[in-house]
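Visitor: I'd like to go over the charged side chains here. Can you put the model up?
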Amino acid sequence: MTGYYIIIGLFMLISWFVGNQLQSKFKYYSKVHLANGMSGREIAERMLYDNGITDVKVISTPGQLTDHYNPENKTVNLSEVVYHERNAAAAAVAAHECGHAVQHAVGYNMLEFRSKMVPVVSFASRMNQWILMLGLVVMASSNNSTLLWIGIFLFALTTIFAFVTLPVEYDASNRALAWLKNKNMLLPNEYDGAKDSLKWAARTYVVAAIGSLAQLLYFVMLAMGNRRSE
């Protein structure tokens, strides 16, 4: 188990660094006020309008970093800071979440695939850690790795989900940045701030996906090692 804790510790450190950089970037770009004076809500509503989307509402949601698009009730949920503030960071987040709404409207295939995975992955994420740990105990006491392989299968589903999320997030950011640029919504320095903010936000998903893959490979190696010892 030492190797597992080393892997977890390493990726926790990397995740902390990326998350810290993300918070630092958003704090910095929240001071870059928009010349057009538009709030995050207004940016979002304008992007939806320009893309011909009239059945999605932009609402405020409590908390920080709680911004998301809900395809079930068709709402762009912006954290209170993003919803009200008028800066480059708020513009980036608002446009990004609307990017997901655009994906939904045009039937972006990776978003649809990700949405179909949610129920299965939700079950797998609740069960896999318990089954993995129990599987390791059973394997250590009886050399039977069947339960561990079941846990690995469930963990693999969450890993696949993490990698499927990557193109969805990058595509949403690309749609957001393209709209901000093509519609001349931001001045060059404001646009650069929005782009940098979204770049670091995307890196959090990359770290999560790679970390999940590393853990998956570790458990596979444990199970394979037990099979060779039988």
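Guide: Arginine 41 is partly exposed, at 25% relative accessibility; that term covers values between buried (under 20% relative accessible area) and exposed (over 50%), with a 1.4 Å probe and protein chains only. This is a predicted model, where local features need pLDDT of at least 70, side-chain atom pairs count only at pLDDT 80 or more, and totals for chains, interfaces and linings use all residues. Residues are numbered from 1 along each chain as its sequence is written, and side-chain values use heavy atoms, with hydrogens and water left out.

Visitor: What does the side chain of arginine 41 meet in a salt bridge?
Guide: Glutamate 45, at 3.0 Å from N to O. A salt bridge here is a side-chain nitrogen of Lys or Arg within 4 Å of a carboxyl oxygen of Asp or Glu.

Visitor: How many residues apart are they in helix α2?
Guide: They are 4 apart, about one helical turn, in α2 (residues 40–50). Helices are DSSP runs of H or I with at least four residues, strands are E runs of at least two, and both are numbered from the N terminus.

Visitor: Which residues are linked with arginine 41 in a network?
Guide: Glu42, Glu45 and Arg86 are linked with Arg41 by salt bridges.

Visitor: New topic. How many salt bridges does the structure hold?
Guide: It holds 8. One of them joins arginine 175 to aspartate 171, with the closest N and O atoms 2.5 Å apart. Both residues sit in helix α6 (residues 146–182).

Visitor: Is aspartate 171 buried or exposed?
Guide: Aspartate 171 is buried, at 18%, while arginine 175 is partly exposed, at 25%.
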